[in-house]
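Thank you all for coming; I would like to walk you through one structure this morning. Please have a look at the sequence and the fold first, and then we will go through a few places in turn.

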Amino acid sequence: MTQPPLAEAVDQGAVAASPAEERPAAGAASAGSASRAQARPADGGATATEPSTSVGARIRDLRQARGISARSLAKSLGISPSAVSQIERGVLQPSVSRLIAITDALGVPLVAAFDPASDRPVDPVGPSGFTLQRAGQSPDIVLDSGVSFRRLTPGSSPGVDYFESVYPPGASAHGADELFHHEGYEVGTLVAGELTIDFEAERVILRAGDAISYPCSVPHRLHNTGAVDAVAHWLIVHA
């Protein structure tokens, strides 16, 4: 879509070009993101499942569990059935916006695509009734342009997505110059680096410690024009 001139809301900064919306899985992850995804050991020294090969299978499992055909999902997404097949087989890595569109079409939260534990009930630990997730028990998934996601909620959290996302330098959560909208209300805090958010008429640049919130229905685009990884924690509340 054609964007109007952006009014700088916080700072000046050029918009960096980003890759196409989907790309072959073999080139999806940057070296830094791939090392993060493989470096989170599970309890007992096991290595988390390689994310780039598991997200497609997870999408397929979610689709089949809901009795939705690949052709029907493709129609709702406005893409070809072969593209859905390639995503599910790991031949293509979806962009962040494409993954959100897929989970919205399947009627599941975003974190449901991260790993099976996200929609599996977790028994409380101890008499206090809390739920515990140890470091390394939630694997990263690496999407198009190298953006990685990691679920932060221990077990299921109906109506809420809470996750960490890492944007390598030059990475975008959406296609080049494309504004995206989806379901829910979003609250984010930048933990490290610098992250740019484009809206239709303005731009906001977040730095470590900054926080922002907005309705997800407002068209937006997230991208990293800085020289280091941008790390953010996001909470999406569903109506």
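Predicted model: local features only at pLDDT ≥ 70, side-chain atom pairs only at ≥ 80, totals over all residues.

Let me begin with Tyr167, which touches Val147, Ala173, Leu195, Leu222, Asn224, Val228, Asp229, Ala230, Ala232 and Trp234, leaving aside residues up to four places away in sequence; contact here means heavy atoms within 4.5 Å. Residues are numbered from 1 along each chain as its sequence is written, and side-chain values use heavy atoms, with hydrogens and water left out.

Tyr167 comes back in the largest nonpolar core, which has 45 residues, and there Leu99, Phe149, Tyr167 and Trp234 touch the most other members. A nonpolar core is a set of buried Ala, Val, Leu, Ile, Met, Phe, Trp, Tyr and Cys residues joined through side-chain atoms within 4.5 Å, and buried means under 20% relative accessible area with a 1.4 Å probe, protein chains only. The element that gives the most to this core is α5, with 5 residues; helices are DSSP runs of H or I with at least four residues, strands are runs of E with at least two, and both are numbered from the N terminus.

The largest has a volume of about 90 Å³, and of its 15 lining residues, Val96, Ile100, Tyr167, Glu186 and Leu222 are the closest to its centre. The largest share of that lining, 3 residues, comes from β6.

The second largest cavity has a volume of about 50 Å³, and its lining includes Ile100, Thr103, Asp104 and His182. Here the largest share, 3 residues, comes from α5.

Finally, let us turn to helix α4, residues 81-88, where Ala83, Val84, Ile87 and Glu88 are buried. Why do these four sit on the same side of α4? They cover an arc of only 135 degrees around the axis, which puts them there together, the arc being that of the directions from the helix axis to the C-beta atoms. After α4 comes Gly90, with a positive phi near 80 degrees.

Key
Buried < 20%, exposed > 50% of the residue type's maximum accessible area, 1.4 Å probe, protein only. 1 Å grid on protein atoms, 1.4 Å probe; cavity = no way out; pocket = protein on both sides within 12 Å on 5 of 7 lines; lining within 4 Å. Points joined across faces, edges and corners; volume = space filled by probe spheres on them.
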